[in-house]
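Then turn to one strand and its neighbours.

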Amino acid sequence: MCGIYAGVTNHSITTHLIDGLNALSYRGYDSAGIALISKQGLERRRAKGKLDNLTGLLKQTPLEGKVGIAHTRWATHGKPECRNAHPHMTLEVAVAHNGIIENYAELRKELEACGFGFESETDSETIPLLITCYLHKGMTQCEAIQNTLARLEGSFAIVALFDNCPDQLFAARQGSPLVIGHSDAGFYLSSDENALIDKSDAICHMQDGDLARITHNRLIITDFEGNIRKRVMTPSYAISEEQGKQGYRHYMLKEIYQQPAVIQQTLDHYLQEDGTLHPDLKSLPMESLCRLSIVACGTSSYAGVVAKYWMEEIAGLPVDIDIASEYRYRNTPYPPQQMALFISQSGETADTLAALRHASKGGQQTLSLVNVTNSSMASESDRMLPLLAGQEIGVASTKAFTAQLATLLLLTLVTARSNRQITQLQLQQHLNTLNTVPRLMDDLLNQTDTIRNTAQQLYRSEHATYLGRGIAYPLALEGALKLKEISYIHAQAYPAGELKHGPIALIDERMPVIIIAPPGPLFSKTLSNLREVHARGGNIILLSNQAGIDQAADFTDTAIVMPEMDALIQPLLYTLPLQLLAYYVALYKGTDIDQPRNLAKSVTVE
Ligand code: AGP
């Protein structure tokens, strides 16, 4: 999603702005630009596509200055074209903006009526034009910004640079993150704390309604009316992107291989040395609940579907699972003994955040599971359980998903114990089983030959179908999503039993069908569905244990043999080959695995 980077320093800033944009690039973008105050005054460079295009342009027509703003844009209003790239500017002011100005159509009409012409199709361009309009009426820069902010509806993080105020930056936040970092050289700002770590000793997260006025040695924060707001700079604890790819070809592959360590960290955090569970888990009021309502988007929502199976079966707690963009606009009844659980890697996904606010407003108790613990969801929910995945750079979520699963399984076990659905001894046995996951994951990740060979057969396909029953169904959803995201192959996922109600019409010898069939009570049912696919010529790739593979041998084209394990932890382990399969298919296709087209790491717009 869009990223802001800016600085007001005592040294030349261009390369720092480009470094900052590079640090933001993992979020996904389709154009980029910078504006700064050079000897000639306010100047900018913008380019469509990858950052190399912008740096190439800067080589041809360099820009130098000590104060500047920069932006990576992920298209919402208007195509990914140079004229829509930020910063947007007039002769007087340049602005970079994250978020959406909801009343832009009305503002645009008003500005056009005053004689202002628009260069872009964006909502963002209304901001510098409105500021300029107020400057033309004789206001100071600060007054012009304040009056503009008062007119904007929607969410925004803004940085602004004025031509005749060359040593200052203005920044404002309403609904979209913006962080200020400080060092001896001055101040840097970014929408992502991680982009500031190597430039700052201390940071300050701007709050909604904050307006900052910054020179290289002075920071003043007020509200939008100019009343002083006290904000404290604190040491930065952000983790860098964990020392690059560390020899892996892509962040996604590195993150897949980090999963054993991530699960170990999760267990180390939530299971204390004396064998008891972390107070954050134990103190949750799970026994008083009549229902749990889980809300999330994308991969995080599939973790929620897995949790529904666990919670209902092991803890006896009824669970609803909702896609956040649907939930936020439904009139959901909120029974008093229900808790709403929000799952998010970023903690900033606009739909999930809006759903959280919707539930809070409705009086629901809220719990969030987030990987970015200084995110909006973390601070706005009643309770928060951190995910211990570390920074995830690959746009396709992998280690955050299994961290979500491990944390949700612990939550299930705590709920089951407090609902007296399991004894203390059973709880201990389940925790022992959970403790075997890192080792089993390690073993699996060391045997990838079959998966690579399967990927080689699969990468020329135009479609794929993923099937699973019971708790394997959400894994099918996640496997299909991974394949779609990074290989651009169309993939559908169905509960295996649903196949005959329509999707079976698509099965022929050109359709690869990935069937996730762990051993258990539903295996024989899935086997029947597998035979239905076989009878129609589908190309079957089966994931099961050796016994399952043997039983289906006559009908299977490719077998991915999974180790023996307790049914409790199957979702954590069966996910890995699906991630690797998607990865290798994309590798053979030659797509941009870490930054797939059209996608953003954190979707901060509706
Ligand atoms: C997963 O690979 C995705 N890129 C996407 O579906 C993601 O899970 C979704 O946007 C939710 O993000 P969040 O977990 O940060 O809220």
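## Spaces and a strand

The largest cavity has a volume of about 70 Å³. This is a predicted model, where local features need pLDDT of at least 70, side-chain atom pairs count only at pLDDT 80 or more, and totals for chains, interfaces and linings use all residues. Residues are numbered from 1 along each chain as its sequence is written, and side-chain values use heavy atoms, with hydrogens and water left out.

Some terms come next. Rolling a probe the size of a water molecule over the atoms shows where empty space is left. The search uses a 1 Å grid over the protein atoms alone. A cavity is a set of points where a 1.4 Å probe fits but cannot get out. A pocket is an open set with protein on both sides within 12 Å along at least five of seven lines. Lining residues have an atom within 4 Å of a point. Grid points are joined across faces, edges and corners, and a volume is the space filled by probe spheres set on the points.

**Cavities.** The count comes to three cavities of 30 Å³ or more. Residues lining the largest cavity include C2, R73, W74, T76, H77 and H86. Others in that lining include H97, G99, T122, D123 and S124. The second largest cavity holds about 40 Å³ of space. Its lining is made by M1, C2, W74, T76, N98, G99, T604 and V605.

The largest pocket holds about 970 Å³ of space. It is lined by 43 residues, and E193, V372, T373, N374 and S375 lie nearest its centre. β11 (202-205), β14 (234-235) and α12 (376-380) are the elements that each give two or more residues to this lining. Helices (H or I, at least four residues) and strands (E, at least two) are DSSP runs, numbered from the N terminus. Helix α12 gives the largest share of the lining, three residues.

The second largest pocket holds about 550 Å³ of space. Of its 29 lining residues, G298, E485, A600, K601 and V603 are the closest to its centre. Here α17 gives the largest share, four residues. Where does this pocket lie? Domain 2 (243-445) and domain 3 (447-606) both give residues to its lining, so the second largest pocket lies between them. The domain bounds come from an automatic or database domain assignment.

The table sorts lining residues by class. Ala, Val, Leu, Ile, Met, Phe, Trp, Tyr, Cys and Pro count as nonpolar, Asp, Glu, Lys and Arg as charged, and the others, Gly among them, as polar.

| Space | Lining residues by class |
|---|---|
| Largest pocket | 13 nonpolar residues, 21 polar residues, nine charged residues |
| Second largest pocket | ten nonpolar residues, twelve polar residues, seven charged residues |
| Largest cavity | two nonpolar residues, seven polar residues, two charged residues |
| Second largest cavity | four nonpolar residues, four polar residues, no charged residues |

**Strand β22.** Is strand β22 (residues 512-516) mostly covered or mostly open? It is mostly covered, with five of its five residues buried. Buried means under 20% relative accessible area (1.4 Å probe, protein chains only), exposed over 50%, and partly exposed in between. P512, I514 and I516 point one way, while V513 and I515 point the other way.

Two strands pair if DSSP finds at least two bridges between them. Strand β20 (residues 463-468) runs parallel to β22, with four bridges joining them. There, Y466 has I514 as its bridge partner. Five bridges join β22 to strand β23 (residues 539-545), again parallel. V513 is partnered by I540 in β23.
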